[in-house]
Amino acid sequence: MEASNSRVRPGRADRSSIALAALLTLTLRPGPASGHEPPAPESRPAAATANAPAARTEADPAAPASAAAGESPPAEPEREWQVNERGRRFYVERLEKGPGYQVLDTGELRTPWGIRLPSFTEDERYYYFRVYESLPEYAPRPLVSKPTAEDLAAIAATYPPPFATLPTTDRIELTPFDQGLPRGGQWRNGFRLADMNGDGALDLVHGPARKRPGTPPAIFLGDGRGSWRHWSEASFPPLAYDYGDVAIADLDRNGALDLALAVHLRGVLVLAHDGKGAFTSSSAGIAFQATASEPPAFSSRTIATADWDRDGLVDVLAAGDGPRLDGSQGSYGVAWYRNLGNGAWETKGSGTSTVTPFGEVLEVADLDGDGDLDLFVGSGMRGSTRLLVLAEGDDNWMPADLPQIRPATVRAAAIADFDGDSRLDLALGYRSHEGGLWRWGLDLFRRTGEPPSR
């Protein structure tokens with residue numbers, strides 16, 4: 001398979017190109033859908049579903065039994081649709097009160113599943129909340145006809161043998177190196193290794209664990225020999241923290257490493273570090289929703305730092321984390337926060353759905369070899385192919401397709417020269433659905449020098 005993309009600078013000929021060809025694919029584990037796959041996004045809380053292993057021949061677990069038996073699925077119950085002040089349609093759903101619900105200081109309701117409802121009403125027995133209609137550009141796609149046996153065989157041929165049939169090796173040995181790290185909690189969306197206290201040993205920095213809103217990021221000091229301790233002496237300003245990714249860089253050029261936090265449903269925070277464990281807020285110019293009464297901000301669970309405009313100051317980039325339960329537009333695409341060098345930031349870039357959808361992957365590299373940094377953005381929407389963002393000067397971003405990507409959500413990515421030809425290649429971790437089967441695996445795309453096409 002091959003894909004190619006190009007960019008055109010106004011008034012000059014093309015001078016760079018990127019073409020990616022599939023080099024290797026490895027299926028890790030096929031199985032049914034988990035409760036973490038966001039549908040194209042109907043904003044409705046739902047109980048988590050188990051991610052139990054299943055045979056590769058198992059049919060789509062999302063299909064109702066009646067449909068499998070050839071019967072018509074039950075009709076959707078009628079709903080009383082209303083329209084909010086933004087013109088979005090919604091209907092009112094209710095949840096019966098019980099253990100595990102919590103009304104937060106922000107005025108939100110947190111359900112036992114960790115979902116936060118930004119606005120709700122209640123009576124003695126129920127909580128009531130709004131369920132908004134999907135935005136048109138993210139509405140579920142219509143069903144296609146059932147694949148034939150030939151179609152299924154052609155799909156299966158694009159996947160490698162099961163992981164269990166691949167050769168094994170004893171050349172790599174892994175030993176425990178985690179004494180003192182947490183054994184519980186939902187630590188997700190990424191961590192970084194850096195020497196935060198200047199003792200010469202790498203430390204581990206993680207954003208707040210999920211379902212612990214208001215908790216600051218956690219720094220575990222390492223001794224270089226496999227033992228860690230929580231840096232309890234570190235101090236953080238009281239902010240509306242929540243789970244998400246973290247990035248580390250010297251953002252204010254004082255010689256100490258600072259933190260940038262992607263805060264799910266809230267926005268982005270920057271914390272300046274004095275090098276001795278004291279962190280202060282340094283987010284002027286970056287929108288952040290501290291309380292439910294404030295307007296929504298561009299929010300993320302995936303963040304990166306890089307000198308995007310090559311001015312000597314490290315900037316912050318964040319990928320949108322998708323739709324919201326309150327019926328607002330949500331956060332799609334990528335936002336660039338330009339470092340002004342005085343503790344303030346200028347919001348630039350895209351931050352709209354016209355570039356990429358939403359996801360939890362963001363990699364920064366010069367993908368086309370022209371000297372400008374580019375982006376690869378993962379997708380939480382199955383089948384999205386517009387995952388490349390090629391820089392065209394400081395402010396001009398050109399989205400580019402990678403059409404040979406499977407009908408999948410992209411859950412992880414790594415950029416490196418995998419084949420030793422001095423050009424960057426792209427490895428993707430995906431979760432696909434083809435021919436009624438769910439599969440998890442890896443695809444490796446090799447960059448070639450072939451001419452691009454538009």
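**Close-ups of a predicted model**

**View 1. Ala318 stands opposite Ala335 in strand 20.** Strand 19 (residues 315–320) and strand 20 run antiparallel, and four bridges join them. Strand 20 covers residues 334–339, and five of its six residues are buried, so this strand is largely enclosed by the rest of the structure.

**View 2. Here is the whole chain, for orientation.** Zoom out for a moment: the chain has 28 strands and two helices. Out of 454 residues, 44% are buried. If you take the contacts with a separation of 6 or more, 56% of them link residues 24 or more positions apart.

**View 3. The second largest pocket has a volume of about 290 Å³.** Its lining has 19 residues, and the ones closest to the pocket centre are Arg192, Asp245, Ile303, Leu362 and Glu363.

**View 4. The largest nonpolar core brings together 18 residues.** Inside this core, the residues with the most contacts are Met196, Val205, Ile219, Leu259, Leu261 and Phe279. Two or more core residues come from each of strand 12 (218–222), strand 14, strand 15 (258–263) and strand 16 (267–273). Strand 15 puts in the most, with three residues.

**View 5. Four strands make an open antiparallel sheet in the order 3-4-9-8.** Strand 3 (82–83) and strand 8 (121–122) sit at the edges with a single partner strand each, so one side of each has no neighbour in the sheet. As a reminder, strands of a sheet pair through backbone hydrogen bonds. Strand 3 pairs with strand 4 (residues 89–96) over two bridges, in the antiparallel sense. To find the spot on screen, pick Val83, which stands opposite Arg89 in strand 4.

**View 6. Another open antiparallel sheet has three strands, in the order 5-6-7.** Which strands are at the edges here? They are strand 5 (102–103) and strand 7 (116–117), and each pairs on one side only. Strand 5 runs antiparallel to strand 6 (residues 109–110), with two bridges joining them. A handy pair to click on is Gln102 and Arg110: Gln102 stands opposite Arg110 in strand 6.

Conventions
Residues numbered from 1 in each chain as written. Predicted model: local features only at pLDDT ≥ 70, side-chain atom pairs only at ≥ 80, totals over all residues. Heavy atoms only, no water. 1 Å grid on protein atoms, 1.4 Å probe; cavity = no way out; pocket = protein on both sides within 12 Å on 5 of 7 lines; lining within 4 Å. Points joined across faces, edges and corners; volume = space filled by probe spheres on them. Core = buried A, V, L, I, M, F, W, Y, C linked by side-chain atoms within 4.5 Å. Buried < 20%, exposed > 50% of the residue type's maximum accessible area, 1.4 Å probe, protein only. Pairing = 2+ DSSP bridges. Contact = heavy atoms within 4.5 Å.
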